[in-house]
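Student: Could you walk me through reading a ligand site and a sheet in a model like this one?

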Amino acid sequence: MLLITPPGVYRAQADTEMLIGALDDEPLAPGAAVLDVGTGSGAVAVAAGRRGARVTAVDVSWSALGAALLNGALHGRRIRPRHGDLLSAVRGRRFDVVAANPPYVPCPGDSAPRGAARAWDAGRDGRLLLDRICAQAPAALKPGGVLLLVHSDLCGVDTTCELLRAGGLRTEIVARARQPYGPVMSSRARWFEREGLARPGQCSEELVVIRGARE
Ligand SMILES: C[S@@+](CC[C@H](N)C(=O)[O-])C[C@H]1O[C@@H](n2cnc3c(N)ncnc32)[C@H](O)[C@@H]1O
């Protein structure tokens, strides 16, 4: 898919593609309400729009929202942008599908991520945003609605599933793919080992798409 990605906006990658693949496997009625949390370039939002969904895209970055709007227009799809923090930006609304590829890379230091790193850094265990999405998503789903969430196995797939189940969702892993560390992960490989997040010598991660369904 042709996408314009301005500097500072997350360029669609393997995790993006896996999330789109999982979305493609979901039946979507025409006009289904889809939320793309942390839309970045809008790749997932555009993919949903191309299937006839009514798409809302949230991001904390104005540049990302601009890119998502632009890419929507490029593909003849209207994307409804919302600036704000995760699902708080659409408080009180419910969706048929909530898709999220949030920041999940564990990072040293306790200060809030800044600049481009805000698209991937997510605290010492990588769960700064994941835990909040797990807490917020169940209430944002219509009955029968589905959450699709992609992240690395370095930041606790079991934890995500347990939190979603505690929120009343039925969980399953719908996609897995092992891939070599990219530049950011490689630069932190030894730190991951010291933190007990990775095995000694580990140089790859497994990306996982978790599906949480509301009964
Ligand atoms: C890993 S990128 C994913 C971008 C896109 N969805 C994709 O799959 O290519 C994560 C996105 O989440 C956004 N983000 C980070 N913190 C956020 C927050 N608290 N609320 C909303 N969006 C946030 C970032 O700006 C970034 O665009």
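**The ligand and the sheet**

Tutor: The ligand is surrounded by 17 residues, of which Thr16, Gly38, Asp59, Asp85 and Asn101 are the closest; a residue is near a molecule if one of its heavy atoms lies within 4 Å of it. This is a predicted model, where local features need pLDDT of at least 70, side-chain atom pairs count only at pLDDT 80 or more, and totals for chains, interfaces and linings use all residues. Residues are numbered from 1 along each chain as its sequence is written, and side-chain values use heavy atoms, with hydrogens and water left out.

Student: Which polar side-chain atom lies 2.6 Å from an oxygen atom of the ligand?

Tutor: A polar contact is a pair of N or O atoms within 3.5 Å. Here that atom belongs to Asp59, while an N or O atom in the side chain of Thr16 is 2.8 Å from a ligand oxygen. Of the 600 Å² of accessible area that the ligand has on its own, the protein covers 95% (Shrake-Rupley method, 1.4 Å probe).

Student: In which order do the strands form the sheet?

Tutor: Strands of a sheet pair through backbone hydrogen bonds, either parallel or antiparallel. In this open sheet, seven strands follow the order β3-β2-β1-β4-β5-β7-β6, with mixed pairing; strands are DSSP runs of E, at least two residues, numbered from the N terminus, and two of them pair if DSSP finds at least two bridges between them. β3 and β6 (169-180) are at the edges with a single partner strand each, so one side of each has no neighbour in the sheet.

Student: What is the bridge partner of Asp59 in β3?

Tutor: Asp59 has His83 as its bridge partner. Their strands, β2 (residues 54-59) and β3 (residues 79-83), pair in the parallel sense over five bridges.

Student: And where does Ala99 stand?

Tutor: Ala99 is opposite Leu148 in β5. Strands β4 (residues 95-100) and β5 (residues 141-152) run parallel, joined by five bridges.

How values were computed. A polar contact is a pair of N or O atoms within 3.5 Å; within protein, one must be able to donate a hydrogen and the other to accept it, and residues adjacent in sequence count only if both atoms are side-chain atoms. Helices (H or I, at least four residues) and strands (E, at least two) are DSSP runs, numbered from the N terminus.
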